[in-house]
Amino acid sequence: MQLTYYGHSSFLLQTGGKNIVFDPFIKNNELASEIDFNSIKADFILVSHGHFDHTEDLIELANQTGATVVCSWEIHAWLNKHGITKTHPMNLGGRWVFDFGTVHMVYAAHSSSLPDGTYGGTAAGFVIESDKKVLYYSGDTALTKDMEILGSRFNINHAVLPIGDNFTMGYQDACVASDWIKCNNIIAMHFDTFGFIKINHREVDEYFKQHNKNLSIPAIGKTITL
Ligand code: NI
Ligand code: MN
């Protein structure tokens with residue numbers, strides 16, 4: 001598995017011979033100005049919830065790439081109305097075997113509406129089993145005891161968690177989440193993009209080190225091998 005950071009909560013995951021993009025919000029993210037949006041190739045786009053900072057580039061990227069969009073039933077219906085018909089709707093607790101691996105849609109404690117106010121269903125995260133690895137992408141979420149279910153149900157190797165606080169859990173709660181999901185390899189997301197979620201990188205680094213966790217605060221455009 002290879003993971004490239006596109007800023008905020010957007011990543012490119014390359015696994016099972018496919019390109020999978022999470023939560024595209026790139027063009028209006030000033031921090032991600034070095035990402036060449038037009039050259040992004042995707043076979044699948046996974047969408048955690050409807051908020052603009054996760055979906056603003058969704059329709060354009062789906063059109064550009066011809067990717068299949070994996071999302072809630074409600075976001076699927078909204079996309080269909082906007083002319084995107086290559087969609088795969090899921091809901092919490094559901095699993096589907098795709099050609100690159102298995103995707104589980106899991107609980108996220110967050111809200112979900114589309115930018116035009118349309119109800120987006122419940123917010124979600126994803127557990128992806130592919131290339132003999134298990135990756136948890138939580139989406140926007142609070143710390144929730146449901147994460148203990150993930151820790152007992154899966155052997156998670158790497159987890160992508162929000163650390164920016166205010167709209168999601170902050171870094172201390174992400175550290176507790178790491179215990180509950182039984183995974184010490186954490187990749188940070190949902191930080192620094194707006195004033196509300198700016199973090200002190202050194203403080204966060206030190207906190208995770210003190211708790212014996214491997215935290216990666218990815219630089220935009222950088223690729224890490226999982
Ligand atoms: Ni959100
Ligand atoms: Mn968000």
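Predicted model: local features only at pLDDT ≥ 70, side-chain atom pairs only at ≥ 80, totals over all residues.
Residues are numbered from 1 along each chain as its sequence is written, while chains are lettered from A and ligands numbered from 1 in the order in which they are written. Local features need pLDDT of at least 70 and side-chain atom pairs count only at pLDDT 80 or more, whereas totals for chains, interfaces and linings use all residues, and side-chain values use heavy atoms, with hydrogens and water left out.

**The metal ions**

Begin by selecting the nickel ion (ligand 1), which is coordinated by H49 through NE2, H51 through ND1, H110 through NE2 and D140 through OD, at 2.2 to 2.3 Å. Donors here are N, O and S atoms within 2.8 Å of the metal (3.2 Å for Na, K and Ca), and sites may look incomplete because water is not among the atoms. The four donor atoms subtend angles of 87 to 178° around the nickel ion, so the arrangement is irregular; four donors count as tetrahedral if all angles lie between 85 and 135 degrees, four count as square planar and six as octahedral if opposite donors are over 155 degrees apart and all others between 65 and 115, and anything else is irregular.

Along the chain, the nickel donors follow the spacing H-x1-H-x58-H-x29-D. H51 lies in the loop between β4 (44-46) and α1 (52-55), and H110 in the loop between β8 (101-107) and β9 (124-130), so this pair ties together parts that are 59 residues apart in sequence. Helices (H or I, at least four residues) and strands (E, at least two) are DSSP runs, numbered from the N terminus. H51 is buried, with a relative accessible area of 18%, whereas H110, at 23%, is partly exposed; buried means under 20% relative accessible area, exposed over 50% and partly exposed in between, with a 1.4 Å probe and protein chains only.

Next select D140, which coordinates both the nickel ion and the manganese ion (ligand 2), these ions being 3.1 Å apart. The protein donors of the manganese ion are D53 (OD), H54 (NE2), D140 (OD) and H190 (NE2), lying 2.2 Å from it. D53 in helix α1 and H190 in the loop between β12 (185-189) and α6 (201-210) are 137 residues apart, and both are buried.

**The aromatic rings**

Rings of Phe, Tyr and Trp (its six-membered ring) pair if their centres lie within 6.5 Å, and planes under 30 degrees apart count as stacked, over 60 as edge-to-face and the rest as tilted. By this rule the count comes to 12 aromatic pairs. Select F22 and Y137, a stacked pair at 4.1 Å centre to centre with 20° between the planes; F22 is in strand β3 (residues 18-22) and Y137 in strand β10 (residues 133-137), 115 residues apart. F22 is buried at 0% relative accessible area, and Y137 is also buried at 0%.

**The largest pocket**

Finally, show the space of about 160 Å³ in the largest pocket, whose lining includes G93, H104, Y107, D146 and F154. The elements that give two or more residues to this lining are β8 and α4 (146-153), and the largest share, five residues, comes from α4.

On a 1 Å grid over the protein atoms alone, a cavity is a set of points where a 1.4 Å probe fits but cannot get out, and a pocket is an open set with protein on both sides within 12 Å along at least five of seven lines; lining residues have an atom within 4 Å of a point.

How values were computed:
Points joined across faces, edges and corners; volume = space filled by probe spheres on them.
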